[in-house]
Amino acid sequence: MRSPELAATVTPNGSAPAPVAATDSARAGWRTPLELTVLGAIWGGSFLFMRVAAKDFGALPLVEMRLGLGALILLPFLWKARESFRGAKIWAKLALIGVINSALPFALFAWAAQRAPAGVGAITNSMAVLFTALVGFLFFGEKIGAQRAIALLAGFAGVVVLASGKTAGASIGWAVAAGCAAAFLYGIGANLVRRQLTGLPAAAVAAATLGSSALLTLPFAIASWPTHAIPAKSWLSASMLGVLCTGIAFVMYYRLIQRIGAGRAVAVTYLVPLFGVAWGWMLLDEPLTLSMLIAGALILGSVAMSQRAAK
């Protein structure tokens with residue numbers, strides 16, 4: 001997945017989210033939690049699909065599949081808003097943000113998926129919310145406040161606990177480092193989008209950044225394309241990663257933002273690691289270790305604290 005913080009910076013039509021009508025309140029009472037749960041399950045599943053497919057595709061070919069398929073799903077939104085995307089300057093920005101917020105973090109998560117359980121990537125992904133605040137403070141002059149500073153420290157403590165753990169006797173420290181680096185890039189990307197692409201339709205921006213990243217990644221993917229036969233389950237996992245977890249999930253998320261607002265929609269952040277760990281445990285027989293439980297609690301607690309402080 002990508003950081004919900006980035007998607008929350010612009011709405012599908014580039015305007016403020018419309019409030020839920022009073023006549024729709026009863027339906028929204030069950031609809032919103034259901035959609036958030038489904039979206040959390042899908043984005044949590046992305047780490048499962050990476051875990052299955054990365055070992056056969058390799059990081060860059062898998063990323064190319066994900067970027068290309070995701071861009072194709074979102075292409076109609078870009079076509080509809082094509083008048084807003086004219087000129088070399090805007091495309092240079094889109095390409096840069098695409099590399100920072102899609103190509104590189106996707107590659108880091110895919111690399112980590114070859115070396116650690118799916119739940120590890122899902123847990124480190126949650127750090128994106130904290131890194132967005134940290135990048136805003138370090139590079140853009142945003143105030144962070146005492147509560148968010150404490151949240152950051154708690155989140156980093158969770159990372160240390162996670163990195164110190166082992167799975168089947170093997171250290172997962174480098175995989176945790178890769179996941180955190182990806183989350184940090186999400187934090188940079190969120191701040192860049194907030195300042196450089198405000199007012200553009202979010203789904204069209206996603207299509208443009210994914211498509212640009214796919215083109216830039218293509219030569220590296222071709223150069224490292226595996227020479228062995230790729231099993232059907234890995235092809236299926238790669239396809240689901242691009243079509244469902246990238247393209248369709250983004251459409252769902254942007255519509256949620258439009259209906260309930262970014263502040264409520266970002267709650268999906270809390271569900272992704274829970275589903276990521278659960279899918280790995282149920283479908284891949286991956287262990288649920290004490291360090292994962294402690295780290296998950298620290299990181300999710302810190303994200304919750306940071307979100308409350310931001311309100």
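Modeller: This is a predicted model. A search of the whole structure finds 0 disulfides. In general, a disulfide is a covalent bond between the sulfur atoms of two cysteines.

Biologist: Is cysteine 180 buried or exposed, and what is the relative accessibility of cysteine 245?

Modeller: Buried means under 20% relative accessible area. Cysteine 180 has 12% relative accessibility, so cysteine 180 counts as buried. Cysteine 245 is also buried, at 1%.

Biologist: How many aromatic pairs does the structure hold?

Modeller: There are 12 aromatic pairs. One of them joins tryptophan 43 and phenylalanine 250, with 6.0 Å from centre to centre and 65 degrees between the planes, and it is edge-to-face. Tryptophan 43 belongs to helix 2 and phenylalanine 250 to helix 10, so the pair ties together parts 207 residues apart in sequence. Both residues, tryptophan 43 and phenylalanine 250, are buried. Trp43 and Phe250 also form one aromatic cluster with Tyr253 and Tyr254.

Biologist: Why is the pair of phenylalanine 131 and phenylalanine 156 called tilted?

Modeller: Planes under 30 degrees apart count as stacked and those over 60 as edge-to-face, with the rest tilted. The planes of phenylalanine 131 and phenylalanine 156 are at 45 degrees, with ring centres 5.7 Å apart, so this pair is tilted. Phenylalanine 131 is buried, at 8% relative accessible area, whereas phenylalanine 156 is partly exposed, at 30%.

Biologist: Which residue lies over the face of tryptophan 79?

Modeller: Arginine 82 does, at 4.1 Å from the ring centre. Likewise, arginine 195 lies over the face of phenylalanine 140, at 4.1 Å from the ring centre.

Methods: Residues numbered from 1 in each chain as written. Predicted model: local features only at pLDDT ≥ 70, side-chain atom pairs only at ≥ 80, totals over all residues. Heavy atoms only, no water. Disulfide = S-S within 2.5 Å. Buried < 20%, exposed > 50% of the residue type's maximum accessible area, 1.4 Å probe, protein only. Phe/Tyr/Trp six-rings, centres within 6.5 Å; stacked < 30°, edge-to-face > 60°. Helix = DSSP H or I, 4+ residues; strand = E, 2+ residues; numbered from the N terminus. Lys NZ or Arg CZ within 6 Å of the ring centre and 35° of its normal.
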